[in-house]
Amino acid sequence: MTRIFLIRHAEAEGNLYRIAHGHFDGKITENGYRQIELLKNRFANEKIDAVYSSDLTRARVTAEGICQSHRLEFCTMDRLREVSIGEWEGLFWEAIEERWPEQLGYFVSDPVKWGIKGNESYSDLQNRITGCIKDIAKAHDDETVAIVCHGTAIRTFICGLMGYPSHEIAKVTRCDNTAVTMIVFENEELKLEYYGDNSHLNNEHS
């Protein structure tokens, strides 16, 4: 059995300033660095055998925090990136709501219907993340792995894991920055233990 901690990256500029950042490579904020310290404390006494991360800065910096207390190097994978949001990249969400209200509605509540110039489809994202997590799990049989990923990518993966159709994605709530999801991989199957736990954060830093 492989244990997997699936972690959303710490707060980044896009989260703070309400900028759409799929592949847009924003930096970690001051609050994000405080979240990483709290995340490090959470995992300080946890057995971790390997750490993987999206290759985007906000995920890599978060992964570095976990590695510091375990004397590990992390492996970056572009397959763990956030969803590519095409022509929305780097725009303020307020501007997107004004220009693409219908498409934003689909993105939020039924993403299989979402389609703009250059975007990655919901099914492609789900298949990419699920396949990557399974490949990592198979490479670490009977070990414990931390994977630092992104909010929409994690939510889409969990939606598929739970068997929810796209129009029921609201059943999977958005998780905090640095929130931890626990998955086990056994007999070629992924099973959710818990989702989006932010107990290491306090009200000031969540």
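Two strands count as paired when DSSP finds at least two bridges between them. The strands themselves (E, at least two residues) and the helices (H or I, at least four) are DSSP runs, numbered from the N terminus. With that in hand, let's look at the sheet.

This is a predicted model, where local features need pLDDT of at least 70 and side-chain atom pairs count only at pLDDT 80 or more, while totals for chains, interfaces and linings use all residues. Residues are numbered from 1 along each chain as its sequence is written, and side-chain values use heavy atoms, with hydrogens and water left out.

**The sheet**

Strand E1 (residues 2-8) and strand E5 (residues 180-186) run antiparallel and are joined by 6 bridges. Within that pairing, Leu6 has Thr181 of E5 as its bridge partner. Zooming out, there are 6 strands in an open sheet with mixed pairing, in the order E3-E2-E4-E1-E5-E6. At the edges sit strand E3 (74-77) and strand E6 (189-197), each pairing on one side only. From one strand to the next, the twist averages 20 degrees.

Helix H3 (residues 57-68) packs on this sheet, touching E1, strand E2 (50-54), E3 and strand E4 (144-149). Contact here means heavy atoms within 4.5 Å. The direction of H3 makes about 165 degrees with that of E2; axes are lines fitted to C-alpha atoms, for helices over the stretch in contact, and angles run from 0 to 180 degrees between N-to-C directions.

**Salt bridges**

A salt bridge is a side-chain nitrogen of Lys or Arg within 4 Å of a carboxyl oxygen of Asp or Glu. The structure holds 10 of these salt bridges, including the ones below.

| Salt bridge | Closest N and O atoms |
|---|---|
| Glu46 and Arg3 | 3.4 Å apart |
| Asp55 and Arg81 | 2.7 Å apart |
| Lys113 and Asp110 | 3.5 Å apart |

Asp110 counts as buried because its relative accessibility is 9%. Glu46, at 26%, is partly exposed, and Arg3 is partly exposed at 25%. Asp55 is partly exposed too, with 24%, and Arg81 is partly exposed with 23%.

Methods. Buried means under 20% relative accessible area, exposed over 50%, partly exposed in between (1.4 Å probe, protein chains only).
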